[in-house]
Amino acid sequence: MNIVVRCSCGGVSTYVENSIKVLGLAAPDSTFVGKDKIRTLAQKYSGTPLAEHLQVLAKKAGRYAFYISADEAQKITAMYNLINGKKVY
């Protein structure tokens, strides 16, 4: 599963599109915009490492956009910060 979670700030979609191209990432399966949608996604995967990360991101202030790859067990296999274009892990 490849997803993008991001704030609803203006101009962030440009960062997302450009970083995905530059980093050579696969197109995301879904994009979740805003804290409420991120929290809803976290509840769907409650008790998994993915849910823990999503809960933290939903509390984040300011501009943010992350590309997250997770396996079938919702364990995060890769995470990229799409605002600065760098791999988090």
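**View 1. Helix H3 lying across the sheet strands E1, E3 and E4.** In this predicted model, H3 runs at about 20 degrees to E4. Axes here are lines fitted to C-alpha atoms, for helices over the stretch in contact, and angles run from 0 to 180 degrees between N-to-C directions. Helices (H or I, at least four residues) and strands (E, at least two) are DSSP runs, numbered from the N terminus.

**View 2. The two faces of H3 (residues 49-59).** Covering the buried residues are, among others, strand E1 (2-6), helix H2 (35-44), strand E3 (65-70) and strand E4 (76-81); contact means heavy atoms within 4.5 Å.

**View 3. An open sheet of 5 strands with mixed pairing.** The order is E2-E1-E3-E4-E5, where two strands pair if DSSP finds at least two bridges between them. Strand E2 (30-33) and strand E5 (86-87) each have a single partner strand, so one side of each is left without a neighbour in the sheet.

**View 4. E1 beside E2.** These two run parallel, joined by 4 bridges. Ile 3 stands opposite Ser 30 in E2. Helix H1 (residues 12-23) packs on the sheet, touching E1, E3 and E4, and its direction makes about 145 degrees with that of E1.

Residues are numbered from 1 along each chain as its sequence is written. Local features need pLDDT of at least 70 and side-chain atom pairs count only at pLDDT 80 or more, while totals for chains, interfaces and linings use all residues; side-chain values use heavy atoms, with hydrogens and water left out.

Technical notes: Buried < 20%, exposed > 50% of the residue type's maximum accessible area, 1.4 Å probe, protein only.
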